Amino acid sequence: MQNIAEHMEVIGADGVHIGTVDRVEGNRIKLTKKDSGEGSHKGHHHFIDKGLVADVEGNKVRLSAKADVAVTMEEEK
C-alpha cells in the first residue's frame, strides 16, 4: 500500500479501468468521485480493499480480480 499514490489508475486483472486513486485510507484505496459510475452510484466515493491489490506496476494498481468482479466488491461511502 505504501507504493500506491494519488492519481494512479486502478485496473482489474484483465487490464480494464476501474477507477483512479484519490488516496489510501487505512487498508483501503479511496477512488475519486469521477469514477463513481452512474445513477445511484454517481457522486459517491468507492473503496477497494487492499486484499484485492495484486501488484503496483508503474502508475497502475492492478487488482487480482477482473474488473467486472472487482466492482462488485467495492464499498460505497
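**A friendly note on this predicted model**

1. **Surface and overall make-up.** The protein exposes about 4,400 Å², and carbon and sulfur atoms supply 47% of that area; the areas come from the Shrake-Rupley method with a 1.4 Å probe, where for residues only the protein chains shown count as cover. This is a predicted model, in which local features need pLDDT of at least 70 and side-chain atom pairs count only at pLDDT 80 or more, while totals for chains, interfaces and linings use all residues. Residues are numbered from 1 along each chain as its sequence is written, and side-chain values use heavy atoms, with hydrogens and water left out.

2. **The fold in outline.** You will find 1 helix and 7 strands here, and along the sequence they follow the pattern β-β-β-β-β-β-α-β. Helices (H or I, at least four residues) and strands (E, at least two) are DSSP runs, numbered from the N terminus. Of the 77 residues, 35% count as buried; buried means under 20% relative accessible area, exposed over 50%, and partly exposed in between (1.4 Å probe, protein chains only). Among contacts with a separation of 6 or more, 44% come from residues 24 or more positions apart, a contact being heavy atoms within 4.5 Å.

3. Strand E2 (residues 17–25) pairs with strand E3 (residues 28–31) in the antiparallel sense, over 4 bridges. Pairing here requires that DSSP finds at least two bridges between two strands. Glu25 has Arg28 in E3 as its bridge partner. In the hairpin of E2 and E3, 2 residues stand between the strands, and Gly26 takes a positive phi near 65°. On to the next strand: E3 and E4 (residues 46–49) run antiparallel and are joined by 3 bridges.

4. **The nonpolar core.** Which residues have the most contacts inside the largest nonpolar core? They are Val10, Ile18, Val21, Ile29, Val61 and Leu63, in a core of 14 residues. E2, E3, E6 and helix H1 (67–70) each supply at least two residues of this core. A nonpolar core is a set of buried Ala, Val, Leu, Ile, Met, Phe, Trp, Tyr and Cys residues joined through side-chain atoms within 4.5 Å. In soluble globular proteins, nonpolar side chains tend to be buried together.

5. Leu63 sits in strand E6 and counts as buried because its relative accessibility is 1%. Not counting residues up to four places away in sequence, Leu63 touches a list of residues including Val10, Ile18, Ile48, Leu52 and Ala70. Leu63 and Asp14 are 49 residues apart in sequence, yet their C-alpha atoms are 8.8 Å apart in space.

6. Strand E6 (residues 60–63) holds Lys60. Is Lys60 buried or partly exposed? Lys60 counts as partly exposed, because its relative accessibility is 36%. Beyond its neighbours within four places in sequence, Lys60 is in contact with Met8, Glu9, Ile11 and Asp55. Lys60 and Met8 are 52 residues apart in sequence and 5.4 Å apart in space, C-alpha to C-alpha.

7. **Salt bridges.** How many salt bridges does the structure hold? There are 4, a salt bridge being a side-chain nitrogen of Lys or Arg within 4 Å of a carboxyl oxygen of Asp or Glu. Arg62 and Glu57 form one of them (3.0 Å, N to O). Salt bridges that share partners join Arg23, Glu25 and Lys30 into one network. Within it, Glu25 meets Arg23 at 2.9 Å, N to O, and Lys30 has its closest N and O atoms 3.5 Å from Glu25. Lys30 counts as buried because its relative accessibility is 9%, whereas Glu25 is partly exposed at 26%.

8. Asp22 lies in strand E2. Although buried, Asp22 has no salt bridge, and the nearest side chain of opposite charge, Arg23, is 4.3 Å away. For charge, Lys and Arg count as positive and Asp and Glu as negative, while His and the chain ends are not counted. Leaving out residues up to four places away in sequence, Asp22 touches Glu6, Lys30, Leu31, Thr32 and His45. Thr32 itself is in the loop between E3 and E4 and is buried, with a relative accessible area of 13%. Apart from its neighbours within four places in sequence, Thr32 is in contact with Thr20, Val21, Asp22 and His45.
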